[in-house]
Amino acid sequence: MMQHLIVFPVVLPLIAGILMLYQRQGLVRYKRTVSVSATLLLLLVAIGLVRQAASGDVTYYALGDWQAPFGIVLVLDRLSALMVLLTATLAVGAVVFACAGDDEKGSNFHGLFQWQLLGINGAFLTGDLFNLFVFFEVLLLASYALLLHGGGKARIQASVHYVVLNLAGSSLFLIAVGILYGATGTLNMADMAIRVADLPVAREGLVTAGALMLLVVFALKSAMLPLYFWLPKAYASAPAPVAALFAIMTKVGIYAILRVYSLIFGDSAGGLEALEQPWVWWLSLATIAAAGAGVMAARDLRLLVAYLVLVSVGTLLASIGIGTPQATSALLYYLIHTTLITGGLFLLAEMIGLQRGKAGTRLVKGRPMVQGTALGILFFAGAIAVAGMPPLSGAIGKALMLNAVEGTQRLWLWPLLLVAGLCSMVALARAGSTLFWRSYRGNISGSPLPYRQWFGVIWLLSAAPLLVVLAGPVSSYTQATAEQLANPQVLIRTLLPDQATDAGEAQ
């Protein structure tokens with residue numbers, strides 16, 4: 001049974017989506033039961049995969065028993081297991097929140113939700129470059145429909161930019177994959193790493209061009225400046241459970257950069273060091289600066305949270321630009337923190353908007369809220385966490401990141417990261433005072449919120465204190481993951497033992 005566990009994160013949401021498509025006009029209760037049950041089962045599977053990967057061994061699942069490099073393989077190591085667990089944890093909070101009524105505002109919400117999980121998990125587990133493209137398309141197609149869930153002018157306008165830019169990115173992705181396949185003769189990432197290390201001089205330029213095209217695609221997916229302008233309005237206009245799940249979408253791009261450029265093109269893999277481009281570092285810093293300005297300028301709580309996502313994206317990309325195992329370890333800890341907290345804040349923004357009547361999530365005066373005290377406490381906790389203030393997990397993540405910076409890079413990242421944190425604190429303090437203190441006198445607005453919404457928000461925001469309590473084991477796991485990424489030969493030897501041996505002897 002354990003050897004088949006790797007394929008479960010792909011099969012479970014696929015089957016759940018099919019069951020709900022079969023009962024497309026079925027009862028809402030049926031859809032909710034299937035979707036929540038499948039997501040909770042996915043969480044249990046993800047925990048099992050993390051325990052399996054914690055040993056340090058790399059395992060794989062060959063679909064149809066077709067072995068690499070000719071067959072499709074799903075690969076499990078520390079990084080992929082961590083990302084699947086993070087996705088499942090985020091999905092549980094989002095899907096339970098949606099069951100409070102957001103899922104009834106359009107058709108097929110739960111089926112699309114499960115298929116997006118299918119695409120995300122497949123992207124994290126695949127060991128094949130073309131199937132990475134396929135899973136990207138699956139998650140994007142589901143996200144197009146989820147973004148429009150419930151309709152509305154703002155969502156349609158935001159979705160146009162989102163769809164057009166991502167279709168352009170998909171086209172560029174396919175071209176890059178074609179170039180790399182033509183130059184290396186393989187699509188399996190481990191096999192490509194071996195061939196790139198022993199590449200004829202005549203093909204080096206072609207492979208470098210393909211690698212840089214992939215970097216542009218992944219920069220678009222992760223929302224690096226200047227390719228981030230689609231994100232704020234798209235995330236701010238999406239339904240709250242969808243926006244919460246979208247918090248992992250930019251991390252798919254971050255994951256792809258880590259995976260592809262450590263395995264295929266990294267120095268330790270004998271590759272072309274395609275990631276050693278100075279513009280990657282400088283654009284990550286520019287992303288932090290621009291996102292910090294966006295945080296200060298935001299006049300809507302949803303838009304404010306969307307720009308906080310961009311601040312985290314720039315921070316994560318800067319850690320990639322540092323390029324050391326210590327920085328990668330800090331990146332992974334911070335990635336867990338920011339994904340769950342920003343996801344929780346998107347859900348919390350929806351709850352606040354529901355209790356403010358016509359004012360909604362706009363940062364203007366509104367009537368007092370019927371559950372304003374409880375919402376204010378949650379907002380205060382989320383604001384402290386996302387801004388990186390002690391004693392919650394954001395402070396630990398940023399401290400690890402600042403400690404990982406070396407040399408002259410400190411002169412750039414330290415002040416920029418601290419200023420971005422200050423901007424976040426000021427913007428969140430202003431938003432909190434407007435939402436909870438600067439209220440008109442009058443009747444209390446809103447009605448008590450469903451318990452499912454409270455569960456979704458508390459589930460995600462509780463990550464802030466839990467990551468502090470579990471900081472030791474979590475940082476130990478992320479450090480071991482960073483060291484495993486820095487030594488891709490382990491993965492290559494697992495998938496292709498004969499070719500890895502021959503390549504080692506040739507060198």
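**Aromatic pairs and a helix contact**

A: In this predicted model, Tyr-228 counts as buried, because its relative accessibility is 6%, which lies under the 20% limit for that class.

Q: And Phe-229, buried or exposed?

A: Phe-229 counts as exposed, since its relative accessibility comes to 59%.

Q: How many aromatic pairs are there?

A: The count comes to 19 aromatic pairs. Tyr-228 and Phe-229 form an aromatic pair of the edge-to-face kind, with 4.8 Å from centre to centre and 90° between the ring planes.

Q: Which residues form an aromatic cluster?

A: One aromatic cluster is formed by Phe-130, Phe-133, Phe-136, Phe-173, Phe-218, Tyr-261 and Phe-265.

Q: What lies over the face of Tyr-477?

A: That is Arg-78, which lies at 5.5 Å from the ring centre of Tyr-477.

Q: Switching to helices, at what angle do α15 and α17 pack?

A: Helix α15, covering residues 372-387, and helix α17, covering residues 409-436, pack at about 175°, and their axes are 9 Å apart. The two helices are therefore roughly antiparallel to each other, given that angles over 145 degrees fall in that class.

Q: Which residues meet there?

A: From α15 the contact takes in Gly-372, Leu-375, Gly-376, Phe-379, Ala-383, Val-386 and Ala-387, and these meet Gly-421, Ser-424, Met-425, Leu-428, Ala-431, Gly-432 and Phe-436 of α17.

Q: How do the residues of that contact divide into nonpolar, polar and charged?

A: In the contact of α15 with α17, nine residues are nonpolar and five are polar, while no charged residue takes part.

Note on methods:
Residues numbered from 1 in each chain as written. Predicted model: local features only at pLDDT ≥ 70, side-chain atom pairs only at ≥ 80, totals over all residues. Heavy atoms only, no water. Axes fitted to C-alpha atoms, helices over the stretch in contact; angles between N-to-C directions. Helix = DSSP H or I, 4+ residues; strand = E, 2+ residues; numbered from the N terminus. Parallel < 35°, antiparallel > 145°, perpendicular 65-115°, else oblique. Contact = heavy atoms within 4.5 Å. Nonpolar A, V, L, I, M, F, W, Y, C, P; charged D, E, K, R; others polar. Phe/Tyr/Trp six-rings, centres within 6.5 Å; stacked < 30°, edge-to-face > 60°. Buried < 20%, exposed > 50% of the residue type's maximum accessible area, 1.4 Å probe, protein only. Lys NZ or Arg CZ within 6 Å of the ring centre and 35° of its normal.
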